[in-house]
Amino acid sequence: MDRPTWVPEEIDFARPSASRVYDFYLGGSHNFAVDRDLGRQAIRVVPELPRIMQANRAFLRRAVEFLVDAGVWQFLDIGSGIPTAGNVHEVAQVRAPECRVVYVDIDPVAVAHSQAILDGDDRTAVVQADLREPVAVLGDPELRRLLDLDRPVALLLFAVLHFVPDDQDPGGLVGRYRDALAPGSWLALSHGTDEGAPEEITRALHALYRRTPTPAVTRSRDQVAGLFAGFDVVEPGVVALPDWRPEPDDDRRPVWSAAYGGVGRKP
Ligand SMILES: C[S@@+](CC[C@H](N)C(=O)[O-])C[C@H]1O[C@@H](n2cnc3c(N)ncnc32)[C@H](O)[C@@H]1O
């Protein structure tokens, strides 16, 4: 296969990646045959997967709108993914044009495409980094140029911590970001769960994602709530995504949301 111009040199065409499969579920065009193959097999296991991913994006939008309304103007979106409709800077800057957004992702396709769409936007930046290295992320010169860490920041960790296994201590990592952020900062996140799913579905999805470099780890609601240690979680708490401050006319909710989410403030 010829390498399209938007594909960075280091990409392995033979191996699916979580970010490109997610792009496929959302109807994007930054994915390869190997990603679509995994995505189609996963959809055969859970036909609602595209709707589940849309529910995650809808929760992200509602959470960002909530945060802007709460007075936040700095956003650190880690595991930001391949840009799609309703990116954080678009949602935030429509409400408050002064909002600054730093996107961080480990995936070179996500970073390359983010750079392309952000070209010329001086309130937004993208950094290629691994969330498991908080010192490198928080010390990045681009991040420091845009974000003032002495003022409140909203840390967004949407659909990313389920790629961090227990032995890499996701709770400890969130704690290191929390400790580096000013009082009045926020954490908003979503996280995959298998609660409510038959065991064979969980097994099949986990097996598919083991083909990627970042196998997924689903967690219970209590485990997801535990990631908010040191934050005061706002109403309605850590809930299935469609239940977080739903909009009255939302009739697209999936039967099983496959994820929990919440928003909390550092006192
Ligand atoms: C499912 S996508 C979520 C995208 C977006 N946050 C959303 O919720 O719509 C997960 C993203 O996390 C990124 N990711 C996975 N592990 C990561 C890590 N250790 N550090 C930074 N990004 C990571 C992947 O490359 C992918 O783009």
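Buried means under 20% relative accessible area, exposed means over 50%, and partly exposed lies in between, with a 1.4 Å probe and protein chains only. The structure is a predicted model, in which local features need pLDDT of at least 70 and side-chain atom pairs count only at pLDDT 80 or more, while totals for chains, interfaces and linings use all residues. Residues are numbered from 1 along each chain as its sequence is written, and side-chain values use heavy atoms, with hydrogens and water left out.

**Salt bridges**

With a salt bridge taken as a side-chain nitrogen of Lys or Arg within 4 Å of a carboxyl oxygen of Asp or Glu, the count comes to 13.

| Pair | N to O distance |
|---|---|
| Asp-37 and Arg-211 | 3.9 Å |
| Glu-65 and Arg-61 | 3.6 Å |
| Glu-199 and Arg-203 | 3.2 Å |

Helices are named here as DSSP runs (H or I, at least four residues), numbered from the N terminus. The side chains of Asp-37 and Arg-211 meet in a salt bridge. Because Asp-37 lies in helix H2 (residues 33-45) and Arg-211 in the loop between helix H9 (199-209) and helix H10 (221-226), this pair ties together parts that are 174 residues apart in sequence. Asp-37 is partly exposed, at a relative accessible area of 37%, and Arg-211 is partly exposed as well, at 33%.

Glu-65 and Arg-61 are four residues apart in helix H3, a separation of about one helical turn. Glu-65 is buried, with a relative accessible area of 17%, whereas Arg-61 counts as partly exposed at 24%. Both residues belong to a network of salt bridges that links Arg-61, Glu-65, Asp-69, Arg-95 and Glu-247.

Glu-199 and Arg-203 likewise lie four residues apart, about one turn, within helix H9, and each of the two is exposed.

**The second largest pocket**

A pocket is defined on a 1 Å grid over the protein atoms alone, as an open set of points where a 1.4 Å probe fits, with protein on both sides within 12 Å along at least five of seven lines, and its lining residues have an atom within 4 Å of a point. The second largest pocket has a volume of about 330 Å³, a volume being the space filled by probe spheres set on the points, which are joined across faces, edges and corners.

Its lining consists of 16 residues, of which Gln-54, Ala-55, Arg-57, Ala-58 and Arg-252 lie nearest the centre. Helix H3 (residues 49-69) supplies the largest share of this lining, seven residues. By class, the lining has six nonpolar residues, three polar and seven charged, where Ala, Val, Leu, Ile, Met, Phe, Trp, Tyr, Cys and Pro count as nonpolar, Asp, Glu, Lys and Arg as charged, and the others, Gly among them, as polar.

Note on methods. Helix = DSSP H or I, 4+ residues; strand = E, 2+ residues; numbered from the N terminus.
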